[in-house]
Amino acid sequence: SNPKVQKMTAWLAQNKGLVEEAIAMYELSFQGDPDDLATSMNLGNLLISQNMWAKSISHYQLALEHHPNEPLFLVKLASLLINCPDPSYINYEVGKEYAERAFIHVESPPRTAIAAGRSLAIAFANLGQVQNARLVINQTMDMARRANFSETHMAVLEKLSLQLTK
């Protein structure tokens, strides 16, 4: 019944490939100690890896109730709401708000801010705000250059930029 023991049990189950057990134990640990960042992040990542979109979205919404300004949670939820492979979960307007918060957050690490910028540009474009989308993708590309992102990552951003200028 101890959240720390449940977290360790979940971690061990995950390493053994027992995904369902890992999810169940992470969920119990999260319920017992929702302030544990590692549990929240591990559970969210595991849910996403299993394509459990509804549970992932719900989890990050709950995690943000306990950590309302955590950049990683903001960007994960934004990405799910903007880029979800299942279009029934896409909500550009709500996703845009989370992406904006992560993008401008002073404590967002470069990788997080850049991921937020990419999602934010996509949301703006899909909401018909093309000028804002172009502005954000250009700022994001500048951030990525300053952070010495790889050519592969820069190519993804440049491709998105080209799509937005059409």
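# Helix packing and salt bridges in a predicted model

A search of the whole of this predicted model finds four salt bridges.

Trainee: Which residue meets K55 in a salt bridge?

Mentor: K55 lies in helix 4, and its partner lies in helix 2, so the pair ties together parts that are 28 residues apart in sequence. The two side chains come to 2.9 Å, N to O. The residue that meets K55 is E27.

Trainee: Are E27 and K55 buried, partly exposed or exposed?

Mentor: Buried means under 20% relative accessible area and exposed means over 50%, with partly exposed in between. E27 has a relative accessible area of 22%, and K55 has one of 38%. Each value falls in the middle class, so E27 and K55 are both partly exposed.

Trainee: How far along helix 6 are K96 and E93 separated?

Mentor: The side chains of K96 and E93 meet in a salt bridge at 3.5 Å, N to O. Both residues belong to helix 6, which covers residues 92-104. Because they are three residues apart in that helix, their separation is about one helical turn.

Trainee: What is the N to O distance in the salt bridge of D142 and R145?

Mentor: D142 and R145 are three residues apart in helix 8, and therefore about one helical turn separates them. D142 is partly exposed at 38% relative accessible area, and R145 is also partly exposed, at 44%. Their side chains meet with an N to O distance of 3.0 Å.

Trainee: How are helix 7 and helix 8 oriented to each other, roughly parallel or roughly antiparallel?

Mentor: Helix 7 spans residues 110-126 and helix 8 spans residues 130-146; their axes are 8 Å apart, and the packing angle is about 165°. Angles over 145 degrees count as roughly antiparallel. Helix 7 also passes helix 8 in a left-handed crossing. The two helices are therefore roughly antiparallel.

Trainee: How many nonpolar residues are in the contact of helix 7 with helix 8?

Mentor: On the helix 7 side, the residues in contact include A113, I114, L120 and F124. Helix 8 contributes residues including V130, V136, I137 and M143. By class, the contact has one charged residue, three polar residues and, as the number asked for, 12 nonpolar residues.

Trainee: At what angle do helix 2 and helix 3 cross?

Mentor: Helix 2 covers residues 19-32 and helix 3 covers residues 37-49. Helix 2 passes helix 3 in a left-handed crossing. Their axes come within 9 Å, and the crossing angle is roughly 145°.

Trainee: Which residues of helix 3 meet helix 2?

Mentor: From helix 2, the contact draws on V19, A22, I23, Y26, E27, S29 and F30. By class, the whole contact has eight nonpolar, four polar and one charged residues.

Trainee: Is H67 buried or exposed?

Mentor: H67 lies in the loop between helix 4 (53-66) and helix 5 (71-83). Not counting residues up to four places away in sequence, H67 touches P34, D35, D36, L37 and F73. Its relative accessible area is 15%, so H67 is buried.

Methods
Residues are numbered from 1 along each chain as its sequence is written. This is a predicted model: local features need pLDDT of at least 70, side-chain atom pairs count only at pLDDT 80 or more; totals for chains, interfaces and linings use all residues. Side-chain values use heavy atoms; hydrogens and water are left out. Axes are lines fitted to C-alpha atoms, for helices over the stretch in contact, and angles run from 0 to 180 degrees between N-to-C directions. Helices (H or I, at least four residues) and strands (E, at least two) are DSSP runs, numbered from the N terminus. Angles under 35 degrees count as roughly parallel, over 145 as roughly antiparallel, 65 to 115 as roughly perpendicular and the rest as oblique. A crossing is left-handed if the near helix is turned anticlockwise from the far one by less than a right angle, and right-handed if clockwise. Contact means heavy atoms within 4.5 Å. Ala, Val, Leu, Ile, Met, Phe, Trp, Tyr, Cys and Pro count as nonpolar, Asp, Glu, Lys and Arg as charged, and the others, Gly among them, as polar. Buried means under 20% relative accessible area, exposed over 50%, partly exposed in between (1.4 Å probe, protein chains only).
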